[in-house]
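Hi there,

Here is the structure I promised to pass on. Have a look at it, and then read my notes below.

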Amino acid sequence: MTTTYREALREAHREALSSDPRVFLVGEDVGRYGGSFAVSLGLVEQFGEGRVRDTPLSESAFTGAGIGAALRGLRPIVEIMTVNFSLLALDQILNNAATLRHMSGGQLSVPLVIRMTTGAGRQLAAQHSHSLEGWYASIPGIRVLAPATVEDARGMLAPALADPDPVVLFEHGSLYNLAGTLPTDPVVVDISSAAVRRGGTDVTVIAYAGGLGKALEAADLLAGEGISAEVIDLRVLRPLDDATVMASVARTHRAVVVDEAWRTGSLAAEVSARIAEQAFYELDAPVERVCGAEVPVPYPHHLEEAALPQATDIVAAARRAVGRRG
């Protein structure tokens with residue numbers, strides 16, 4: 001079946017709501033409007049306003065309501081429109097959802113899924129172009145997912161809802177129209193492991209979310225120059241799958257980490273540090289990082305493009321890693 005990232009997410013919600021009466025969706029405009037990015041379009045007509053609930057404009061309030069419902073045994077899906085708005089609910093996510101199991105000595109579970117749109121590249125200016133996945137990936141007590149393919153968009157929600165702990169699921173805004181093919185059988189996705197999206201022997205390119213497509217494009221360009229790039233899709237940002245990354249670095253002996261977020265304190269910095277700690281003697285060159293410029297993301301298209309990692313930037317980093325200039 002050929003579908004899109006958006007439609008795959010919608011179908012995952014439809015399946016979850018159909019199969020488990022404990023599941024419900026809450027958020028701003030998720031009901032009659034169909035969601036700000038049309039992920040929930042048509043769901044309120046099928047399942048009713050009791051299970052697809054529009055909320056007031058208070059991220060802290062409806063995220064807290066989701067946490068309370070999860071504590072009482074339900075399986076809420078909380079949609080936060082864009083990642084910048086999640087900062088208004090950060091107290092609920094960090095100080096309640098992520099900590100209650102620990103602070104209760106294991107007596108309480110918070111089986112909650114929080115979805116939000118992330119990333120730049122759509123001319124939404126500085127307020128709506130953040131990539132804060134690395135911030136959330138630094139929080140113990142939650143699982144952080146970043147589907148970059150149609151298959152992962154379709155298959156990650158079910159295991160996320162089955163997790164007894166909170167799961168934060170980031171949907172990159174540039175991917176909603178991404179088209180792909182799904183198998184006829186139900187999609188089963190492992191939400192613990194990274195995925196090797198392309199094999200290679202000369203350099204490992206590590207990416208996630210909106211960066212994966214650019215990494216694969218770069219791999220095609222590098223192949224034309226005789227450089228074989230292996231592409232790793234992290235997809236699970238917490239806990240990071242160190243084993244897959246280190247196994248790839250052991251094969252290629254070089255690494256390029258792609259991250260749309262700001263370079264300082266980024267997820268790319270964490271991945272690079274782990275490679276240095278665990279695979280230092282496998283490296284034949286320093287780890288390269290390709291990150292977003294350390295500025296608020298500009299609105300003009302040409303400036304936004306300049307501020308974000310592009311395939312050509314990844315190619316240049318891979319050339320440096322293998323000792324070629326061009």
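What follows is a short tour of one glutamate, its strand and some charged pairs.

This is a predicted model, in which local features need pLDDT of at least 70, side-chain atom pairs count only at pLDDT 80 or more, and totals for chains, interfaces and linings use all residues. Residues are numbered from 1 along each chain as its sequence is written, and side-chain values use heavy atoms, with hydrogens and water left out.

Glu260 sits in strand E13 (residues 255-262); strands are DSSP runs of at least two residues and helices (H or I) of at least four, numbered from the N terminus. Glu260 is buried and has no salt bridge, with Lys214, the nearest side chain of opposite charge, 4.7 Å away. Here, buried means under 20% relative accessible area, exposed over 50% and partly exposed in between (1.4 Å probe, protein chains only). A salt bridge puts a side-chain nitrogen of Lys or Arg within 4 Å of a carboxyl oxygen of Asp or Glu; for charge, Lys and Arg count as positive and Asp and Glu as negative, while His and the chain ends are not counted. The Glu260 side chain does reach the backbone nitrogen of Ala120 at 2.6 Å.

The whole structure has 17 salt bridges. In one of them, Glu15 and Arg154 bring their closest N and O atoms to 3.3 Å. That pair links helix H1 (residues 5-19) to helix H8 (residues 150-155), 139 residues apart. Arg115 and Glu79 form another, at 2.9 Å from N to O, and both residues are buried.

Happy browsing!

Terms used
Polar contact = N/O pair within 3.5 Å; in protein donor to acceptor, adjacent residues only side chain to side chain.
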